[in-house]
Amino acid sequence: MDPVDPVDEEAARLYRAKVWGGADRTLWRTQVDGTVGTRLRELADWADSSGHGEGPLDTYGDGLVEELERRVAEELGLPAAVFFPTGTMAQQVALRCWAGRTGSPVVALHPLAHPEVHEGGALAAVSGLRTVHPTDAPRLPTAEEVRDHPEPFGTLMLELPLRDAGFVLPSWEELTGVVEAARERDAVVHFDGARLWECPTHFGRTLAEIAGLADSVYVSFYKSLGGHSGAVLAGPEDVMAEARVWRHRYGGQVFQQYPAALSALRGLDEQLPRLPSYVTHARVVAAAVREALAEAGTGWFRVHPETPHTHQFQVWLPYDADRLTAASLAQAEATGTVLFRRWFTPGAGGPPGVAVTELTVAGPGLEWTTEDVRAAVREFLSRLD
């Protein structure tokens with residue numbers, strides 16, 4: 001097979017983004033929908049309406065960045081918080097700080113966790129850490145798996161939700177049991193909470209109650225809250241003081257970050273209060289997708305989880321990924337409606353002959369009824385005939 005021309009692939013990516021971003025109807029808007037001018041005007045309008053528009057610009061982490069840190073620490077009920085330009089850097093620093101305190105460079109985490117799949121081995125290459133896996137099942141580890149793991153570790157990292165397994169979460173009882181098991185081993189607990197904002201509905205607990213289980217927590221601003229970029233690491237005062245030192249050493253002491261900080265504050269004000277409604281409606285959408293696929297006689301398919309744990313979930317179909325992506329694009333071009341976006345071939349261990357996509361239900365999706373979803377599924381499937 002001839003290799004794909006990277007220029008052609010980039011042109012295809014930009015075209016898909018233009019079509020999907022310009023659609024009249026969608027379940028959610030991604031962070032790459034729209035244009036530079038549109039996004040800047042929206043942020044400027046919010047800055048003026050919220051009273052931030054005439055405030056001073058930040059310099060090396062003061063001003064708006066400090067305000068954001070205080071706000072997140074308050075939301076999570078933790079003593080202190082530090083802003084980072086990326087979540088990858090925030091977690092590198094967190095795990096490095098804990099390794100120094102525990103005396104162990106070993107981090108226990110899931111093999112599908114973000115550092116293992118999406119960061120190019122950075123924990124080992126950059127921070128000199130080593131990872132072990134209490135389980136390779138497509139879920140978070142159990143208390144027994146943590147308690148009985150044969151190798152010592154200093155930190156247990158839990159990704160909540162575990163995105164690459166289908167945005168899955170344990171029950172509250174399972175989560176507290178896992179944390180207790182780590183404590184029994186004298187390990188600290190760090191939450192990869194990139195999407196922690198979405199978790200209270202599933203757990204029936206507040207953000208502060210969830211975060212309070214861990215020794216440190218990382219949260220992202222662009223994944224759930226619609227921010228431009230950036231992350232915060234929260235935890236004890238002394239650990240966060242050290243994290244600021246390592247942030248500078250890792251190159252994260254950026255001169256000005258007011259657009260990212262401002263968009264994060266906007267997300268906390270506008271999106272955070274709405275996330276429970278997104279999670280609730282995602283369950284309606286998932287049920288409608290499942291019913292429509294079953295009625296259409298598509299053969300094997302999967303909506304995972306059947307009842308979403310957050311406002312995001314997976315859909316699996318027995319077709320080639322490129323064919324499904326083409327159908328998604330054609331549906332948007334012909335009808336102005338986006339149901340699915342890009343499809344992917346699962347990695348090693350996934351079933352052959354199938355493809356998977358992720359669905360997110362956010363503000364625009366609240367307008368979709370069950371019949372709207374079912375009709376969109378039927379129209380999509382008609383393009384596979």
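Which charged end sits over the ring of tryptophan 246? Select arginine 249: its charged end is placed over that ring, 4.6 Å from the centre. A charge sits over a ring if NZ of Lys or CZ of Arg is within 6 Å of the ring centre and within 35 degrees of the ring normal.

Before going on, note that this is a predicted model, in which local features need pLDDT of at least 70 and side-chain atom pairs count only at pLDDT 80 or more, while totals for chains, interfaces and linings use all residues. Residues are numbered from 1 along each chain as its sequence is written, and side-chain values use heavy atoms, with hydrogens and water left out.

**Rings**

Rings of Phe, Tyr and Trp (its six-membered ring) pair if their centres lie within 6.5 Å; planes under 30 degrees apart count as stacked, over 60 as edge-to-face and the rest as tilted. Tryptophan 246 is buried, at a relative accessible area of 16% (buried means under 20%, exposed over 50%, partly exposed in between, with a 1.4 Å probe and protein chains only).

Next, select Phe83, Trp197 and Phe221, a cluster linked by ring pairs. The structure has eight aromatic pairs. Then go to tryptophan 28, where arginine 341 lies over the face of the ring, 4.9 Å from its centre.

**Backbone**

Most residues other than glycine have a negative phi, and most peptide bonds are trans. Select leucine 160 and proline 161: the peptide bond joining them is cis, with omega about -10 degrees. Proline 161 is in the loop between strand 5 (155–159) and helix 8 (172–184). Helices (H or I, at least four residues) and strands (E, at least two) are DSSP runs, numbered from the N terminus.

Phenylalanine 167 is also found in the loop between strand 5 and helix 8. Its phi is positive, near 60 degrees, and the residue is buried at 0% relative accessibility.

Move on to aspartate 186, in the loop between helix 8 and strand 6 (188–193). Is aspartate 186 buried or exposed? Aspartate 186 is exposed, with a relative accessible area of 70%, and has a positive phi of about 60 degrees.

Finish at histidine 304 and proline 305, joined by a cis peptide bond with omega near -10 degrees. Proline 305 lies in the loop between strand 9 (302–304) and strand 10 (312–317).
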